[in-house]
Amino acid sequence: QVQLVESGGGWVQPGGSLRLSCAASGSIFSINAMGWYRQAPGKERELVAVIHNGGNTNYADSVKGRFTISRDNAKNMVYLEMNSLKPEDTAVYYCNADAFATLSSYPINYWGQGTQVTVSS
């Protein structure tokens, strides 16, 4: 009912920047929080950043000061600006949204397909 599609991943050298985008589409009534998670090989999926519908944000300590999450409520999109990238940022990044589908009585947590971010020399 609700689809999330990420874009903007790729390869970048340490110290470089990337901007990830996520577009939500489908039978959307409203979206609560939107966020970005990442999962590196052999590691657990972790929360990178989240932004609530009121604009409040939270970041993982490992990315604080380097990444910025933002959203466009009118377009149902969320972005992740990643600066000063490090090799340890290499992971598959997933978009996440807590949303109500049209006429639904409860929210559902939706996930995108993921986009690969590789940081290496």
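Which order do the 4 strands of the open sheet take, and with what pairing? The order is β1-β3-β8-β7, and the pairing is antiparallel. Notes on this sheet and the rest of the chain follow.

1. **Basis.** This is a predicted model, in which local features need pLDDT of at least 70, side-chain atom pairs count only at pLDDT 80 or more, and totals for chains, interfaces and linings use all residues. Residues are numbered from 1 along each chain as its sequence is written, and side-chain values use heavy atoms, with hydrogens and water left out.

2. **Overall make-up.** The chain has 0 helices and 11 strands. Helices here are DSSP runs of H or I with at least four residues, strands are E runs of at least two, and both are numbered from the N terminus. Along the sequence the pattern reads β-β-β-β-β-β-β-β-β-β-β.

3. **Dimensions.** The radius of gyration of the chain is 14 Å, which agrees with the value near 14 Å for a compact globule of 121 residues. That radius is taken over C-alpha atoms, and the globule rule is 2.2 Å times the number of residues to the power 0.38. Along the principal axes, the C-alpha atoms fill a box of roughly 50 × 25 × 25 Å.

4. **Surface and burial.** The accessible surface of the chain is about 6200 Å² (Shrake-Rupley method, 1.4 Å probe). Carbon and sulfur atoms account for 49% of that surface. Of the 121 residues, 41% are buried. Buried means under 20% relative accessible area, exposed means over 50%, and partly exposed lies in between (1.4 Å probe, protein chains only).

5. **Contacts along the chain.** Take the contacts between residues at least 6 apart in sequence: 56% of them join residues at least 24 apart. A contact means heavy atoms within 4.5 Å.

6. **The open sheet.** Back to the order β1-β3-β8-β7. Two strands count as paired if DSSP finds at least two bridges between them. β1 (2-7) and β7 (67-72) are at the edges with a single partner strand each, so one side of each has no neighbour in the sheet. From one strand to the next, the twist averages 15°. β7 pairs with β8 (residues 77-82) in the antiparallel sense, over 6 bridges. Within that pairing, F67 has M82 in β8 as its bridge partner.

7. **S21.** Is S21 buried or exposed? S21 is buried, at a relative accessible area of 14%. Strand β3 (residues 18-26) holds S21. Leaving out residues up to four places away in sequence, S21 touches V5, E6, S7, W36, M77, V78 and Y79.

8. **The core.** Nonpolar side chains tend to be buried together in soluble globular proteins. Here the largest nonpolar core has 32 residues, and W36, V48, F67, V78, L80, M82 and Y93 touch the most other members. Such a core is a set of buried Ala, Val, Leu, Ile, Met, Phe, Trp, Tyr and Cys residues joined through side-chain atoms within 4.5 Å. Elements giving two or more residues to this core are β1, β3, β4 (28-39), β5 (46-51), β7, β8, β9 (91-101) and β11 (115-119). β9 gives the most, with 6 residues.

9. **β9 and its partners.** β9 is mostly covered, with 9 of its 11 residues buried. β4 and β9 pair antiparallel over 9 bridges, and W36 stands opposite C95 in β9. β9 and β11 also run antiparallel, joined by 3 bridges. There, Y93 stands opposite T115 in β11. β10 (residues 108-111) pairs with β9 in the antiparallel sense over 4 bridges, with D98 opposite N109 in β10.

10. **The β9-β10 loop.** This hairpin has 6 residues between the strands, and L103 takes a positive phi near 70°. T102 is in the loop as well. T102 counts as partly exposed, at 39% relative accessibility. Apart from neighbours within four places in sequence, T102 is in contact with S27, I28 and F29. T102 and N53 are 17 Å apart, C-alpha to C-alpha, and 49 residues apart in sequence.

Technical notes
Axes are lines fitted to C-alpha atoms, for helices over the stretch in contact, and angles run from 0 to 180 degrees between N-to-C directions.
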